Amino acid sequence: MKKLFLSLLACGSIAAANAQAGSWLLYGQAGVTANSYDGRGGAAGTANDINWYATPGIGYQFDNHWTLGLYTQYHNAGAKGNAVGSSWIRTNDWEIGVFTRYTENLNKIFSIYGQLNAGFANGNTTSDGRVINNSRYNCFAIGFTPAITANVHKGLALVFGIGGISYGNRAYENTNNSNGTFSILYRDWE
């Protein structure tokens, strides 16, 4: 199986550094992955897929440890089969919510933090741009993410996520279906 991995800002993250009382935190993440399969080795059902996301956030730093703010996220995942005339199937998700973050400075360069998010999500699945029946959903989501930051310049830091834990409960429109999803996140360094 031939795999093409494209990363434009792959799992990149930038945040304001050194939490200071009375200041604002601005952060963001973005990532893109693309894969192409040649139809051998068990991947015959998929010829191409592409996934991308963006997550900006802003918060007010009440003291040197606590920050409270708002975030939003957009995620788009698409796949197209290798058969002639196959449709692009895309899942579109967006989320908006609040977060609180506790930061502990280890020294002048490194800090650690834990961030708790709670938000409302909405999404659907499309086939060649048309929404698939009963694929629209609403969701309440909550998650906790720990991270390590490295200050690279005054007011600017690189963030290294080390995993996380989350729960979301999706309720699909026009159906009696809902499902709760609990997940433990990890980094898969390929």
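Biologist: Why is D93 called buried?

Modeller: Its relative accessible area is 14%, and buried means under 20%, exposed over 50% and partly exposed in between (1.4 Å probe, protein chains only). So 14% puts D93 in the buried class.

Biologist: Before we go on, what sort of model is this?

Modeller: It's a predicted model, where local features need pLDDT of at least 70 and side-chain atom pairs count only at pLDDT 80 or more, while totals for chains, interfaces and linings use all residues. Residues are numbered from 1 along each chain as its sequence is written, and side-chain values use heavy atoms, leaving out hydrogens and water.

Biologist: Back to D93, then. What makes the meeting of R170 and D93 a salt bridge?

Modeller: The two side chains meet at 4.0 Å, N to O. The rule asks for a side-chain nitrogen of Lys or Arg within 4 Å of a carboxyl oxygen of Asp or Glu, so this pair passes. A search of the whole structure turns up 1 salt bridge.

Biologist: Which parts does the R170 and D93 pair tie together?

Modeller: R170 belongs to strand β10 and D93 to strand β5 (residues 88–105), so parts 77 residues apart in sequence are tied together. By the way, strands are DSSP runs of E with at least two residues, numbered from the N terminus. As for R170, its relative accessible area is 28%, which makes it partly exposed.

Biologist: How do you know that β8 pairs with β6?

Modeller: Strands pair if DSSP finds at least two bridges between them. Strand β6 (residues 110–127) and strand β8 (residues 137–153) have 14 bridges, so they pair, and in the antiparallel sense. One spot to look at is G114, which stands opposite P146 in β8.

Biologist: How many bridges join β8 to β10, and how many join β8 to β9?

Modeller: For strand β10 (residues 164–172) the count is 8, and for strand β9 (residues 156–161) it is 6. β10 runs antiparallel to β8, and so does β9. To find these pairings in the model, look for A141, whose bridge partner in β10 is G168, and for N151, which stands opposite A157 in β9. β8 and β9 also form a hairpin with 2 residues between them, and G155 in that turn has a positive phi of about 85°.

Biologist: What makes the W52 and Y74 rings a pair, and why is the pair called tilted?

Modeller: Rings of Phe, Tyr and Trp (its six-membered ring) pair if their centres lie within 6.5 Å; planes under 30 degrees apart are stacked, over 60 edge-to-face, and the rest tilted. There are 7 aromatic pairs by this rule. W52 and Y74 have centres 5.2 Å apart and planes at 50°, so they make a tilted pair. W52 is in strand β3 (residues 48–61) and Y74 in strand β4 (residues 66–80), so the pair ties together parts 22 residues apart in sequence.

Biologist: How do you know that the charged end of R90 sits over the ring of W88?

Modeller: The test wants NZ of Lys or CZ of Arg within 6 Å of the ring centre and within 35 degrees of the ring normal. R90 sits 4.8 Å from the centre of the W88 ring. R101 lies over the face of Y27 too, at 5.2 Å from the ring centre.

Biologist: What makes the link between Q115 and R101 a polar contact?

Modeller: Their side chains come to 2.5 Å, and the cut-off is N or O atoms within 3.5 Å; within protein, one must be able to donate a hydrogen and the other to accept it, and residues adjacent in sequence count only if both atoms are side-chain atoms. Q115 is in strand β6 and is buried at 6% relative accessibility.

Biologist: And where is S135, and what does its side chain reach?

Modeller: S135 is in the loop between β7 (130–131) and β8. Its side chain reaches the backbone nitrogen of T125 at 3.1 Å, and one of its polar atoms is 2.7 Å from the backbone oxygen of I132. With a relative accessible area of 9%, S135 is buried.

How values were computed
Helices (H or I, at least four residues) and strands (E, at least two) are DSSP runs, numbered from the N terminus.
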